[in-house]
Amino acid sequence: MKCRHCHAELEHVFLDLGYAPPSNAYLSKEALRAPETTFPLKLYVCDQCWLVQTEDYTEADELFSGDYAYFSSTSQSWLQHAARYVEEITKRLGLSKDSFVIELASNDGYLLKNFVAAGIPCLGVEPTDSTADASEKIGVPVLREFFGEATATALADGGKRADLICGNNVYAHVPDINDFTQGLRIALKKGGIVNLEFPHLMRLIEQNQFDTVYHEHFSYLSLTSVSRIFAQAGLRVFDVEELPTHGGSLRIYGCHNSDPMATKAVVLAMLEKEKTFGLQDLSVYQGFQQKADKVKNDFLAFLIEQKRAGKSVAAYGAAAKGNTLMNYAGIKHDLIDFICDAAPSKQGKFMPGSHIPILPPTELAKRKPDLVIILPWNIADEVIQQQQQVLSWGGKFVIAVPELKVLA
Ligand SMILES: [Zn+2]
């Protein structure tokens, strides 16, 4: 296999998590009686451009054939993050009714609705019908396409170049990162700004976040690799911020390479920080499997210990993260009784691979488990706050990443 960015031969495995079903392939009761498709879940690192990427699959289309779609608006903290972002960027760029904003993977309009409310013209690009429908219902216009060079050219030809193109948590999910980045250049006005947020590979390695790996998450990005991908497309990263979202993300600011914005010192400082951390050093990548295995083994041993002690264990949050962790650890229904999730679209279904039933959060009070594993550890505070009741029967919250911890 060749690197998706620079086409060098990929020779170094970063992480091998065995085989897993697509993380969003939640199963109905009937589907449990049928065979389940799994794909290898393996990441490579390119020793030329340092892009960490998933292995290619012969049937990648199947990954997106599921009828389940994630609705961004179900997470309160993500909604607040989006509203805060719109307020800040509007001020920083002086956006007005004469500006034009494009959001890529605009989902259900959770972010753009803030621009609509402020009277700033905008357009979402979103290929998933169910979320696009939800978006239009609240008055956020949507172009139902995948974004890349072709879509961007059509937008530019129609006079729809943007002052701001933003994409929160889409860049890592794009299969053809070069095509997507070319699209950014084409759809961006001269003097315009691209804002992308993505989980920071440096934090993934540092905090053992191997459970953020899943098939639909094609690229694991650093400023080192993104700067290079941008440069090749005629764009330049001129500013960067670190965010706490998704266990540690970067928000980059890009412009046309020829635009006058000076590259800020923080960009060079972050590149230096990544270099010091070892993001251009193969051994740092090659040591990660061992760290991931320790987290997995500790978690599995903990669950077995609870089982032997006669404790009841439930989990909260039927997220992609949980699927990766449980499938890699080989955890099934015998070690975790059930998983609660607030999204009605998941309730009554079963987790892919592990086949653990997904129930509404009200089941916690009925069954009073001794331990509640919070699978989306990045929103642990939010979950604990919402589910304080667990403490009332002496229940405790647990997280597995970055290391096993009984929280309360
Ligand atoms: Zn490469």
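In the predicted model, Ser23 makes contacts with Tyr214, Glu216, Ala320, Asn323 and Pro352, when neighbours within four places in sequence are left aside. Ser23 sits in the loop that links strand E1 (12-20) to strand E2 (39-45). The relative accessible area of Ser23 is 5%, under the 20% limit, and the residue is therefore classed as buried.

The chain as a whole contains 14 helices and 17 strands. The C-alpha trace spans about 65 × 50 × 40 Å along its principal axes. Of the 408 residues, 54% are buried. Among contacts with a separation of 6 or more, 69% are between residues 24 or more positions apart.

Two helix pairs were examined. Packed helices are described in general by the angle between their axes and the distance between the axes. Helix H5 (residues 177-187) packs against helix H7 (residues 223-232) at an angle of about 60°, and the two axes are 9 Å apart. Angles from 65 to 115 degrees count as roughly perpendicular and those under 35 as roughly parallel; H5 and H7 are therefore oblique to each other. The crossing of H5 past H7 is right-handed. On the H5 side the contact is formed by Ile177, Asn178, Thr181, Gln182 and Leu184, and on the H7 side by Ile229, Phe230 and Gln232. Sorted by class, this contact of H5 with H7 comprises four nonpolar and four polar residues, with no charged residues.

Seven of the 10 residues of H7 are buried, so the helix is largely enclosed by the rest of the structure. These buried residues are Leu223, Thr224, Ser225, Val226, Ser227, Ile229 and Phe230. The elements covering the buried residues of H7 include H5, strand E8 (188-199), strand E10 (235-243), strand E11 (249-256) and helix H8 (265-277). After H7 comes Gly234, which has a positive phi, near 90°.

In the second pair, helix H10 (residues 288-308) and helix H11 (residues 320-329) pack with their axes 10 Å apart and at an angle of about 80°. With this angle, H10 is roughly perpendicular to H11. The residues of H10 that take part are Gln289, Asp293, Lys296, Phe299 and Leu300, which meet Leu325, Tyr328 and Ala329 of H11. The contact of H10 with H11 divides into five nonpolar residues, one polar residue and two charged residues. H11 also includes residues 320-329, and Ala320 and Asn323 are among the contacts of Ser23.

Arg84 belongs to helix H1 (residues 76-93). The relative accessible area of Arg84 is 47%, and this residue is partly exposed, whereas Ser23 is buried. Arg84 and Ala187 are 103 residues apart along the chain, and their C-alpha atoms are separated by 25 Å.

Conventions
Residues are numbered from 1 along each chain as its sequence is written. This is a predicted model: local features need pLDDT of at least 70, side-chain atom pairs count only at pLDDT 80 or more; totals for chains, interfaces and linings use all residues. Side-chain values use heavy atoms; hydrogens and water are left out. Axes are lines fitted to C-alpha atoms, for helices over the stretch in contact, and angles run from 0 to 180 degrees between N-to-C directions. Helices (H or I, at least four residues) and strands (E, at least two) are DSSP runs, numbered from the N terminus. Angles under 35 degrees count as roughly parallel, over 145 as roughly antiparallel, 65 to 115 as roughly perpendicular and the rest as oblique. A crossing is left-handed if the near helix is turned anticlockwise from the far one by less than a right angle, and right-handed if clockwise. Contact means heavy atoms within 4.5 Å. Ala, Val, Leu, Ile, Met, Phe, Trp, Tyr, Cys and Pro count as nonpolar, Asp, Glu, Lys and Arg as charged, and the others, Gly among them, as polar. Buried means under 20% relative accessible area, exposed over 50%, partly exposed in between (1.4 Å probe, protein chains only).
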